[in-house]
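Subject: Structure handover

Hello,

Here is the structure I promised to pass on. Please open it first, then read the notes below.

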Amino acid sequence: MPHRAHVLCGQGRATTMRCRVPMVALVCVAALSSGCAQQTLESRARPAPNGGEAASPSANYTKIVHAAVQATLGSSARTAMRTELGTSPGEPTYTITAKGAHDFARNSGNVTAKVGDVAEFDQVLTDDRIYVRGGTGTETMPWSYTDRADAKVQHMLRPPGNDAAHLLQQASMSSGYERFGTEKVAGAATTRYSAPLSHKALAFNMTKEARGKSDQLRDMMGGQIPVTTDVWVDEEGRAVRVRLSLDIPGSVSSTTTLTLSDLGLAVRITVPTAEGSEESEQFPG
C-alpha cells in the first residue's frame, strides 16, 4: 500500500485535498596509515590476558568496526552518498547522489539528492518526519512529508530518504570483519575492514514486497546474497566511509558508498513549515 503523505503548500487557510505528485518524480526518487594508531585500536578490542582463550582476529576487527560505527552515530558529519546501479552487461549504469549533513545524535539531517541529470530533490530529516521537495525538469512538487517510521527500503542497498544513519546501522549488524590494510580517505589515514553483509542487515527496514524479493533472491543464490560491507575507520576510531556492494555477474550490480567528513561539527537543520497543507496518495521514498 502506498504511503500517505502531506504536502506543504502556500499560505492561507489549511485545506485538505488530494494532490498529484508527478509520476516521473516518484520513479526517480524510489530508484533514488598509521600503524601505531591502528595497533592501539586493535589492542583495545582484545581482552586482557587472563589465561582464557584469546579472541579471534575477526572478532577483534568486528569489535573495532562496531565501536567505530557507534562513535559516528553519536556525532555529526557532512555526508556524501553515491549509488551506482547496473543490470546486464552493456546496459547503462544509473547514478544517484545525495550530499548533505547529519546530526546523528539527534536523528536529523538535510540532503540534496540527484538522479543523474534527470531529477533533483531537497530533503530534511527530523526525528519523526522526512520532508521532500523538487522534481524533474518543469515538473516540480512543493514540500511534502511522511512519517519517518513509514519510510521503508524499497530497493536493496538504497536507504530510505537517503538516510546515512541507515547504512551505518547496516554495517553494525554484520560480523566476521577482516582487515584489508590502510588507505587514505579525504586525506586522512584509515584502515579498511570488510565483511559479508548478513541477510538480516540487507533486509533491515525493508517493505514487505522488497523483503519478499530479497528472500527469493537469497534462495536462488543458495542461501546468501553476495553483498560486501566495507568500513573505513580513522585514527580516532570513527567510521568515515561505508560501502555496500552487490555484484551478480551477468545480472545486476549495485554499489552505495557513504563518505563522512567534518565529524563533530555542528549541523544546522531548518524544518520546512507552511500554514496550508494538502494530502497526497503517495510519497516518493
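Start with a loop. Asparagine 107 is found between strand E4 (94-103) and strand E5 (108-115). Strands (E, at least two residues) and helices (H or I, at least four) are DSSP runs, numbered from the N terminus. Asparagine 107 has a positive phi of about 55°, although it is not a glycine. With a relative accessible area of 28%, asparagine 107 is partly exposed. The cut-offs are these: buried is under 20% relative accessible area, exposed is over 50%, and partly exposed is in between (1.4 Å probe, protein chains only).

A word on the source. This is a predicted model, where local features need pLDDT of at least 70, side-chain atom pairs count only at pLDDT 80 or more, and totals for chains, interfaces and linings use all residues. Residues are numbered from 1 along each chain as its sequence is written, and side-chain values use heavy atoms, with hydrogens and water left out.

Now the whole protein. It has six helices and 14 strands. Of its 285 residues, 46% are buried. The accessible surface comes to about 14,500 Å² (Shrake-Rupley method, 1.4 Å probe). Carbon and sulfur atoms account for 49% of that surface.

Next, the strand pairing. Two strands pair if DSSP finds at least two bridges between them. Strand E3 (residues 76-86) runs antiparallel to strand E13 (residues 252-261), joined by nine bridges. Here glycine 86 stands opposite serine 253 in E13. E13 also pairs with strand E12 (residues 239-248), in the antiparallel sense, over eight bridges. Valine 242 faces leucine 258 of E13. E12 and E13 form a hairpin with three residues between them. In that turn, glycine 250 has a positive phi of about 80°.

Another asparagine is worth a look. Asparagine 205 sits in the loop between helix H5 (199-202) and helix H6 (208-220). Its phi is positive, near 60°, in a residue other than glycine. At 25% relative accessibility, asparagine 205 is partly exposed.

Then alanine 195, in strand E10 (residues 188-196). Alanine 195 counts as buried because its relative accessibility is 4%. Its C-alpha atom is 6.4 Å from that of glutamate 178, 17 residues away along the chain.

Last, aspartate 127. This residue lies in the loop between strand E6 (119-125) and strand E7 (129-136). Aspartate 127 is exposed, with a relative accessible area of 55%.

Best wishes
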